[in-house]
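Try each task before you read its solution.

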Amino acid sequence: MDCGSLLSPGREVTSDEDSFEFLPHTDPATFVEEFQKSTSADNRIKFHTGTTTLGFKFKEGVIIAVDSRATAGSYIASQTVKKVIEINPYLLGTMAGGAADCSFWERLLAKQCRIYQLRNRERISVAAASKILSNMVYQYKGMGLSMGTMVCGWDKRGPGLYYVDSDGQRTTNYMFSVGSGSTYAYGVMDTGYRYEMSVEEAYDLGRKAIMHAAHRDAMSGGVVNLYHMKEDGWIKVSQTDVSQMYYQSLDEKK
């Protein structure tokens, strides 16, 4: 697959290796929509997703924090899911939505980023990496993908943070939270965020935001995986059980 074609939304993916065969239907998106809106429980296709992921920029880089719970409806399928995809030493992606979709497309992105680096003899920028991901999934818009991801990294422009979803939407900002627990996480981040905060303050804010979201949102839980994107690459800071954090915070209030 040509990386240049992926950066241009008008071009189609032609590689059989990196694309899927469409449904045998004149309009695949309409075909899938019929099942998504079906009133019959036997025929209905609907994702019941839940997670909490967040990212924010500050003076020392970008903080990424995620929970680790995977759910299938009301059933807790796993408490140990790794929701951060390590694309390369200078790029990270997060998972929210369908685990298979996020994992597949971000690992495919990792391959395209490596190809870009080999061809151009320099690391791909965060903006270009997020654009490649956006253009890849846009070709399958309306066909049942479920993905809301953040792409963060450090390039010649400094730290970068982008949001990309399965409709091909792509935007950048200094702070994002994605998932069913995101409203709770935003509340904590809006209260404690300062661009000039210290590294330890940023770590503590990321952990607290996920912990409070996991306490209020039944679809989030497990452990808090915390990453710090710095100029010389990302580091994994900690992995902390959210239940222990919550009860420890209650003890501190006494």
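The protein chain has 7 helices and 12 strands, which are DSSP runs numbered from the N terminus (H or I of at least four residues for helices, E of at least two for strands). This is a predicted model, in which local features need pLDDT of at least 70 and side-chain atom pairs count only at pLDDT 80 or more, while totals for chains, interfaces and linings use all residues. Residues are numbered from 1 along each chain as its sequence is written, and side-chain values use heavy atoms, with hydrogens and water left out.

**Exercise 1. The chain as a whole**

Task: Find what share of the residues in the protein chain is buried, and what share of its accessible surface belongs to carbon and sulfur atoms.

Solution: 
- Step 1. Buried stands for under 20% relative accessible area, exposed for over 50%, and partly exposed for the range in between (1.4 Å probe, protein chains only). Of the 254 residues, 47% are buried.
- Step 2. The accessible surface is about 13,200 Å², and 48% of that belongs to carbon and sulfur atoms. These areas come from the Shrake-Rupley method with a 1.4 Å probe, and for residues only the protein chains shown count as cover.
- Step 3. A contact means heavy atoms within 4.5 Å. Among contacts with a separation of 6 or more, 62% join residues 24 or more positions apart.

**Exercise 2. H3 against H4**

Task: Work out how the axes of H3 and H4 cross, and which residues meet there.

Solution: 
- Step 1. Helix H3 covers residues 99-120 and helix H4 residues 126-138; their axes come within 10 Å and cross at roughly 130°. Axes are lines fitted to C-alpha atoms, for helices over the stretch in contact, and angles run from 0 to 180 degrees between N-to-C directions.
- Step 2. Angles under 35 degrees count as roughly parallel, over 145 as roughly antiparallel, 65 to 115 as roughly perpendicular and the rest as oblique. H3 and H4 are therefore oblique to each other.
- Step 3. The H3 and H4 crossing is right-handed. A crossing has that hand if the near helix is turned clockwise from the far one by less than a right angle, and is left-handed if anticlockwise.
- Step 4. From H3, Trp 105, Leu 108, Leu 109, Gln 112 and Cys 113 meet Ala 129, Ile 132, Leu 133, Met 136 and Val 137 of H4. This contact has 9 nonpolar, 1 polar and no charged residues, where Ala, Val, Leu, Ile, Met, Phe, Trp, Tyr, Cys and Pro count as nonpolar, Asp, Glu, Lys and Arg as charged, and the others, Gly among them, as polar.

**Exercise 3. H6 and its partners**

Task: Describe how H6 packs with H5 and with H7.

Solution: 
- Step 1. H5 (residues 182-192) and H6 (residues 199-216) have axes 8 Å apart at an angle of about 150°, and their crossing is right-handed.
- Step 2. Residues of H5, including Tyr 184, Val 188 and Met 189, meet residues of H6 that include Leu 205, His 212 and Arg 216. By class, that contact has 7 nonpolar, 2 polar and 2 charged residues.
- Step 3. H7 (residues 242-253) packs on H6 at about 95°, with the axes 9 Å apart. H6 and H7 are therefore roughly perpendicular to each other.
- Step 4. Arg 207, Lys 208, Met 211, Ala 214 and His 215 in H6 meet Val 242, Met 245, Tyr 246 and Ser 249 in H7. Here the classes are 5 nonpolar, 2 polar and 2 charged.

**Exercise 4. Residues in loops**

Solution: 
- Step 1. Gly 221 sits in the loop between H6 and strand S11 (223-230).
- Step 2. Leaving out residues up to four places away in sequence, Gly 221 touches Asp 67, Ser 68, Arg 69, Gln 79, Ala 214 and Val 242.
- Step 3. Most residues other than glycine have a negative phi.
- Step 4. Tyr 90 and Gly 233 are 143 residues apart in sequence and 4.7 Å apart in space, C-alpha to C-alpha.
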